[in-house]
Amino acid sequence: MMVEVEKDMKKNDLTKVIGISFLVFVVLSWIIKAGSYSSGVFTAGELSPVGIYDIVKIVLGIFGNYTIYGIIFLLIGALYGVMNKTGVYSDMIKKFTKHSKGSEKRFLVLSIVLFAILGSISGFNIALFIIVPFFVAVIMSLGYDKLTALLATVGSIIVGNIGSTYGFEISGYLNLYYGLKVHGDIITKVIFLAILILITILFVTQHAKLQKVAAPKKKATKKAKKDTKEEKPIAAAKLDIPLYEVVENKKKKSVVPLAIVLVLTFVVLIVGLYNFKYAFNIDLFEDLYTSVTTFKVADFPIFQYLMGSMNPFGAWNLGEIGFVLVVACFLIGWLYSLKMKDILGAMKDGMKEMVWVAVIAIIANIIMYLVLPSSSTGMHSNIYITMSDFILGLTKGFNWLTAGLSAFLGSFFYNDFKYLIDATSATMATMNTNAATYPALALLYQAIHGIVMLVAPVSLMLMAGLAYLKVSFKEWFLYIWKFLLQLLIITVLVLAIVLAFV
């Protein structure tokens, strides 16, 4: 396993960009004093430089606090390891690929729209990653390059975050902190999301590189070899698609059970993670949970003990994601008559492919770990607060440009959106007393944060996606920077229009 990790490090050394980001923070900690806000009033603190001992402590700390993220990515690998072991997952990919031949761009559009909408209404990105390997396998089997596959899946999830509509992890926190209504300005949000999706589709389809893909285990004919010197057919088995093996289904097993389990696993997780009570005031799942857990047989709460500490639907977290993934692995293995040792072996093989992804997902949180609120006081006190106060103080009173710059800077510190809002919302509300502009302010923050998450070295989803597809950060930046400018321009235009009607 360690050998595989070392190979991935050589091919795609993402630790360099994360390490550089961390070193910049360390240097700044020796120069800039930590600051804090209380009721919108800034208070300068003392220097809190990161020392040599602290560096080791911080590394240990992020693995202690964020290992759960790595475990989820390992379990995603385990799931696909078992799916490959069945021998029918390859058939599923081939069927989708065959059906999309001749209309390859249509599948790209489908992927972008699906992931963007899911990213907009759910916001729980790590759960959406569960179906990323499937879509990547189809996209790359069609002959598209890794950059195209990355933006059409992981990138599209983040685009959905930029245009968040009902995602509690983004829109939910904005509504809570700024006192906005759940369904307020939903038409504006939907239009903004639609524009973002359209821009993404245009960019991806215009920059997509389609190569000819030969059918697996079949030699190309002489005629095919002479078609063109630039476009040589690539064997599907040699496309280097992560978590996908071209396997011959010798026993001709049906793909239906696998497809059903995969879809049900994803749907159950999305439903379990979505906060229906907040979004639509639906208490159904909580009431059902209460009824089940309070049911007793001879004064014995059998279901409560069997379920343990599992949360009700709508309140699930990373623990429940891991549980469902493990259940899915064994259920698929049972449906396809795999022996226990084969299931465990397949899970191990899948996990091995995701070790480096898991490591990157953990260490991408290194800066956020340093700026989170104190566990003892619950208050934010860090160098970002001081830097933000300086930026906001460049103009007299509230200014949209400085507010955007503050959000932009903060996004490099907080890859979890709710902490950025927690650190800045009180100050923004104090400086900007015009409550009518709060929907625009919310839109500004979610858009800026999402745009930064498409390029920041501390973006968990981006870095996990880069590690998964073995794409270098430099290669990604050169590919994406024009797209980022387009997103920024559209955001500014939409904000201008929204504010014009305030």
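Helices (H or I, at least four residues) and strands (E, at least two) are runs assigned by DSSP and numbered from the N terminus. By this naming, Ser141 has its place in helix H7, which covers residues 132–141.

The structure is a predicted model, in which local features need pLDDT of at least 70 and side-chain atom pairs count only at pLDDT 80 or more, while totals for chains, interfaces and linings use all residues. Residues are numbered from 1 along each chain as its sequence is written, and side-chain values use heavy atoms, with hydrogens and water left out.

Ser141 is buried, with a relative accessible area of 6%, where buried means under 20% relative accessible area, exposed means over 50%, and partly exposed lies in between (1.4 Å probe, protein chains only). The side chain of Ser141 reaches the backbone oxygen of Ala137 at 2.6 Å.

Ser171 lies in helix H9 (residues 168–178), and Ser171 is also buried, at a relative accessible area of 2%. Its side chain makes a polar contact with the side chain of Ser164 at 2.7 Å; a polar contact is a pair of N or O atoms within 3.5 Å, of which, within protein, one must be able to donate a hydrogen and the other to accept it, and residues adjacent in sequence count only if both atoms are side-chain atoms. If residues up to four places away in sequence are not counted, Ser171 touches Ser164, Thr165, Tyr166, Lys189, Tyr278 and Gln446, contact meaning heavy atoms within 4.5 Å.

**Helix H2 and what covers it**

Helix H2 (residues 14–29) has 16 residues, which at 1.5 Å a residue should span 22 Å, and its end C-alpha atoms are 23 Å apart, which agrees. The expected span is 1.5 Å times one less than the number of residues. The buried residues of H2 are Leu14, Val17, Ile18, Ser21, Phe22, Phe25, Val26 and Ser29. An α-helix has 3.6 residues a turn, so residues three or four places apart point the same way. Among the elements that cover the buried residues of H2 are helix H3 (52–86), helix H20 (383–392) and H25.

**Salt bridges**

A salt bridge is a side-chain nitrogen of Lys or Arg within 4 Å of a carboxyl oxygen of Asp or Glu, and by this rule the count comes to two.

| Salt bridge | N to O distance |
|---|---|
| Lys146 and Asp240 | 3.4 Å |
| Asp416 and Lys418 | 2.9 Å |

Lys146 lies in helix H8 (residues 146–162) and Asp240 in the loop between strand E4 (234–235) and helix H12 (256–273), so the pair ties together parts that are 94 residues apart in sequence. Lys146 is partly exposed at 22% relative accessible area, and Asp240 is partly exposed at 46%, whereas Asp416 is buried at 16%.

**Two residues with positive phi**

Most residues other than glycine have a negative phi. Asp185, however, has a positive phi near 55°; Asp185 is found in the loop between H9 and helix H10 (186–207) and is partly exposed, at 43% relative accessibility. Lys470 likewise has a positive phi near 55°, sits in the loop between H24 and H25, and counts as partly exposed at 26%.

**A nonpolar patch**

Leu478, in helix H25 (residues 473–500), counts as exposed at 54% relative accessibility. Together with Phe477, Trp481, Leu485, Leu488 and Val492, Leu478 forms a nonpolar patch on the surface, with about 550 Å² of accessible area together.

Notes:
Patch = residues over 30% accessible without salt bridge, like charges linked within 9 Å, V, L, I, M, F, W, Y side chains within 5 Å. Areas by Shrake-Rupley, 256 points an atom, 1.4 Å probe, with all protein chains shown as cover.
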